[in-house]
Amino acid sequence: MAKTAKELVEAANAVVPKISHDEAKDLIARGALVVDVRDAPELDKSGKVAGAVHVTRGMLEFRADPESPYHDQNFSKDKPVIVYCASGGRSALSGQALKELGYQEVYNLGAFGEWADSGGAVEQAGSENT
């Protein structure tokens with residue numbers, strides 16, 4: 001039976017825990033990889049979480065898979081991964097995909113705007129990692 005996008009996100013949210021900004025800051029301080037899965041124009045317009053790696057949602061599995069010729073060395077299955085997007089849906093789906101690839105400790109930060117509005121560290125960046 002076909003599913004809706006809403007149902008897919010709900011299923012992803014059931015396996016990828018949403019974390020608070022304080023929890024994210026603690027994980028970042030301990031060396032977690034932060035991944036921005038928004039599209040390049042979104043990133044160019046608003047910046048990104050300081051230190052985050054930008055990998056568009058469409059390339060995530062290829063960048064995260066060590067067997068892929070497109071693998072990004074920033075991804076390591078032995079450290080926590082925090083994903084975020086504009087509203088939390090793409091990051092939930094991304095987190096689920098990472099879990100399916102064998103990443104054990106994956107968290108959904110949710111919406112970038114909420115992070116920025118709460119005083120989370122932000123930096124301007126281009127789309128160099130897409």
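Analyst: Start with accessibility. Buried means under 20% relative accessible area, exposed means over 50%, and partly exposed is in between (1.4 Å probe, protein chains only). This is a predicted model, in which local features need pLDDT of at least 70 and side-chain atom pairs count only at pLDDT 80 or more, while totals for chains, interfaces and linings use all residues. Residues are numbered from 1 along each chain as its sequence is written, and side-chain values use heavy atoms, with hydrogens and water left out.

User: In what order do the four strands of the open sheet run?

Analyst: Strands here are DSSP runs (E, at least two residues), helices likewise (H or I, at least four), both numbered from the N terminus. Two strands pair if DSSP finds at least two bridges between them. The edge strands are strand 3 (53-54) and strand 5, each pairing on one side only. The pairing is parallel, and the order is 3-1-4-5.

User: How many bridges join strand 4 to strand 5?

Analyst: On one side, strand 4 pairs with strand 1 in the parallel sense over four bridges. There, D36 stands opposite Y84. Towards strand 5, Y84 has G110 as its bridge partner. Strand 4 and strand 5 (residues 106-111) also pair in the parallel sense, and the bridge count is five.

User: What hand does the β-α-β unit with strand 4, helix 5 and strand 5 have?

Analyst: View the crossover with the strands pointing away from you: if the path from the first strand over the helix to the second runs clockwise, the crossover is right-handed. The unit made by strand 4, helix 5 and strand 5 is right-handed.

User: How many of the residues of strand 4 are buried?

Analyst: In a regular strand the side chains alternate between the two faces of the sheet. Both faces of strand 4 are covered, with V81, V83 and C85 buried on one side and I82 and Y84 buried on the other. Strand 4 is therefore largely enclosed by the rest of the structure, the buried count being five of the five.

User: Is N108 buried or exposed?

Analyst: N108 sits in strand 5, where it is the bridge partner of V83. Contact means heavy atoms within 4.5 Å. Leaving out residues up to four places away in sequence, N108 touches N13, V16, P17, K18, I19, V83, G88, S91 and A92. Its relative accessibility is 1%, so N108 counts as buried.

User: Which residues does L60 touch?

Analyst: L60 is among the residues that touch the most other members of the largest core. Residues up to four places away in sequence are not counted; the contacts of L60 are V35, V37, V55, F75, S94 and L98.

User: How many residues make up the second, separate core?

Analyst: I19, L27, Y84 and L109 are among its members. The number of residues in this second core is 13.

User: How far apart in sequence are the parts tied together by E42 and R90?

Analyst: Side chains of opposite charge can pair when their charged atoms come close. A salt bridge here is a side-chain nitrogen of Lys or Arg within 4 Å of a carboxyl oxygen of Asp or Glu. E42 and R90 meet in one at 2.9 Å, N to O. E42 lies in helix 3 (residues 40-46) and R90 in helix 5 (residues 89-100), so the separation of the parts they tie together is 48 residues.

User: What is the N to O distance between R38 and D36?

Analyst: R38 and D36 are both buried. Their side chains meet in a salt bridge, N to O, at 2.6 Å.

User: Which residue forms a salt bridge with E61?

Analyst: E61 lies in helix 4. At 27% relative accessibility, E61 counts as partly exposed. Beyond four places in sequence, E61 touches A97 and L101. Its salt-bridge partner, with the closest N and O atoms 3.0 Å apart, is R57.

User: Which feature does UniProt place at residues 28-124?

Analyst: UniProt positions are given in the numbering used here, with feature names shortened, and annotations may be inferred rather than shown by experiment. The span is 33% helix and 22% strand, and its end C-alpha atoms lie 18 Å apart. The unreviewed UniProt entry gives the feature as "domain: Rhodanese".

Terms used:
Core = buried A, V, L, I, M, F, W, Y, C linked by side-chain atoms within 4.5 Å.
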